[in-house]
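Hello,

Here is the structure I promised to pass on to you. Please open it next to this email, and then read on for what turned up in it.

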Amino acid sequence: MNLKKLAADRAVEWIEDGMTVGLGTGSTAYWAIHRIAERVKEGLNIRAAASSIRSEQLARELGIPFVSLDDIDRIDLTIDGADEADDRLNLIKGGGGALLREKILAAASDRFIVIVDESKRVRTLGAFPLPVEIVPFGSRLTLNRLTALGGNPVVRTSDDGSRYVTDNGNWIADCRFGSIEDPERLQALLNEIPGVVDNGLFVGMASAVVIGKSDGSVEIMEP
Ligand code: 5RP
């Protein structure tokens, strides 16, 4: 059973005619984009904005109408995946490298719906390395600061071994802080570091986490 598709299909049911919809990035968001495209073909009237170049390309190929973020002030509903979600609906995101654009969309959204399979649900965040987007300039100094904070940063590489570069021209430092007991404090400390653009902690942003489960059911966690 495809648990990612299960969660995605359920979340797409919340989309209504006339909405501006934010599209996430990753293998779970992929299914949401496909389901949205099906509904558009059936007559759903929406406009979309995407959190990555690849999600925008996919959505355009599938015929989803687009709006520029420069032409809107808010988004009705964004659907996106996550790498980890705890019981307080705090998240680690950015495994796909799109955390900055994802956070911009989430922050502009009236509702931010997170879709995951059950493996992503955790008691405490931190088993998944926390992605931190950093500017290339002075990266050694920024990495030193992340190390001092206990993050053991590793600069992400692509499958071909080259440096991974985000859609924003930045790098990702994957950090291992261990168990993150206080995500709010950690995100504040990270964002104080010059050279850090943003980090993959999404604290208090999710309106709901939709979980696809192996028994075929869907669980919805809300604040
Ligand atoms: C991309 C993300 C993704 O939502 C996250 O990595 C989950 O990906 P997937 O749905 O492929 O497991 O944050 O930056």
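Let's begin with a strand pairing: strand E6 and strand E12 (residues 208–212) run parallel and are joined over 5 bridges. Two strands count as paired if DSSP finds at least two bridges between them. Helices (H or I, at least four residues) and strands (E, at least two) are DSSP runs, numbered from the N terminus. Within this pairing, Asp 117 has Gly 212 of E12 as its bridge partner.

Before going further, a word on the model: it is predicted, so local features need pLDDT of at least 70 and side-chain atom pairs count only at pLDDT 80 or more, while totals for chains, interfaces and linings use all residues. Residues are numbered from 1 along each chain as its sequence is written, and side-chain values use heavy atoms, with hydrogens and water left out.

Back to E6, which also pairs with strand E3 (residues 75–80), in the parallel sense and over 5 bridges. There, Ile 75 has Ser 109 in E6 as its bridge partner. E6 (residues 109–117) is mostly covered, with 7 of its 9 residues buried. Buried means under 20% relative accessible area, exposed means over 50%, and partly exposed is in between (1.4 Å probe, protein chains only).

There is also an open sheet of 3 strands, in the order E4-E5-E11, with antiparallel pairing. Strand E4 (84–85) and E11 are at its edges with a single partner strand each, so one side of each has no neighbour in the sheet. E4 pairs with strand E5 (residues 91–92) over 2 bridges, in the antiparallel sense, and Ala 85 stands opposite Leu 91 in E5.

Now for two helices. Which residues of helix H6 (residues 183–191) are buried? They are Pro 183, Leu 186, Gln 187 and Leu 190. Looking down the axis of H6, these buried residues fall within an arc of 100° (taken from the directions from the helix axis to the C-beta atoms), so they line one face of the helix. An α-helix has 3.6 residues a turn, so residues three or four places apart point the same way. On the face of H6 turned away from the buried side you will find the exposed residues Glu 184 and Arg 185. Among the elements covering the buried residues of H6 are helix H4 (99–107) and helix H5 (139–148); covering rests on contact, meaning heavy atoms within 4.5 Å.

In helix H3 (residues 53–61), the buried residues include Ser 55, Leu 58 and Ala 59. Seen down the axis of H3, its buried residues fall within an arc of 95°, so they too line one face of the helix. Their cover includes strand E1 (20–23), helix H2 (27–41) and strand E2 (47–50).

Some side chains are worth a look as well. The charged end of Lys 103 sits over the ring of Phe 202, 5.1 Å from its centre, and Arg 111 lies over the face of Trp 14, at 5.0 Å from the ring centre. For this, NZ of Lys or CZ of Arg must be within 6 Å of the ring centre and within 35 degrees of the ring normal.

Finally, the domain assignment, which is automatic or from a database, gives domain 1 (3–122 + 203–216) and domain 2 (130–198). The contact between them takes 16 residues from domain 1 and 17 residues from domain 2.

Happy exploring!
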